[in-house]
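I opened my notebook to look up charged pairs and the nonpolar surface. Here is what I wrote down.

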Amino acid sequence: MVYPISQAADITAFKAEYVPVGDDQLPMIEQTNEIVHKMNSLLPAPLLRHCQAILSDTGRLPSIDGGAKMSKSLGNTLQLSASEDAIHKAVSAMYTDPHHLNVSDPGQIEGNVVFTWLDAFHPDKTKVAAMKAHYQQGGLGDRTCKNELETCLQELIAPMRERRATYIQDKGMLMQILQQGSERAHEVTQTTLREVKRGLGLPVLF
């Protein structure tokens, strides 16, 4: 019980109303709202806020091997700090339709990691839809699909990688940003805690 309550505390302490999560975290959002409802019923007036999950069109992103959950130890992830070569290798290793042996063969898009990632990250949804139809009919090779995805990911990740490198090179600036964020978070959460304690008639010692 400790972990879900800790997650709920992370949300309610900031009085968050919208929480971006994967679909596997929906039970946690539901439990958080149950805790909020119970706590508010004990207070003179509602203080904590119910929250809603924000889901992307891709509720859960599969690992590049299409099997186990993403894990750095398994080597089936793609880091936001990945180099151009690392992105190329990751996309090249992505699981596709194992029965799509020839370009002319009709292919399956269900369970095809490349198309799941294209759905998640490619900005041109019309183009992706056309690629899906072509792939299912036959005549579109896996390498062509992977090239399209790699181009998309290279453009998406490059500015993140460059910005990350800037912060890594200046550890002082990085620590200052983290400290400022921690101080602001502490201020907000302590305010919420004081409000709840007063509402419950508990002593406030800070």
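My entries on salt bridges and one surface patch follow.

**Ground rules.** I am working with a predicted model, where local features need pLDDT of at least 70, side-chain atom pairs count only at pLDDT 80 or more, and totals for chains, interfaces and linings use all residues. Residues are numbered from 1 along each chain as its sequence is written, and side-chain values use heavy atoms, with hydrogens and water left out.

**Salt bridges.** I looked for a side-chain nitrogen of Lys or Arg within 4 Å of a carboxyl oxygen of Asp or Glu. That rule gave me seven salt bridges.

I noted Glu17 and Arg49, whose side chains meet at 3.6 Å, N to O. This pair links distant parts of the chain, 32 residues apart. Glu17 is partly exposed at 39% relative accessible area (buried is under 20%, exposed over 50%, partly exposed in between, with a 1.4 Å probe and protein chains only).

Next I found Lys127 with Glu148, at 3.1 Å, N to O. Lys127 lies in helix 5 and Glu148 in helix 6, so the pair ties together parts 21 residues apart in sequence. I took helices as DSSP runs of H or I with at least four residues, numbered from the N terminus.

**Surface patch.** I found Leu80, Phe121, Leu156 and Met160 making a nonpolar patch of about 330 Å². Members have over 30% relative accessible area and no salt bridge, and nonpolar side chains are joined within 5 Å. Areas come from the Shrake-Rupley method with a 1.4 Å probe. Leu156 sits in helix 6 (residues 142-169) and is partly exposed at 32%.

Key:
Patches are made of residues with over 30% relative accessible area and no salt bridge: like charges are joined within 9 Å, nonpolar side chains (Val, Leu, Ile, Met, Phe, Trp, Tyr) within 5 Å. Helices (H or I, at least four residues) and strands (E, at least two) are DSSP runs, numbered from the N terminus.
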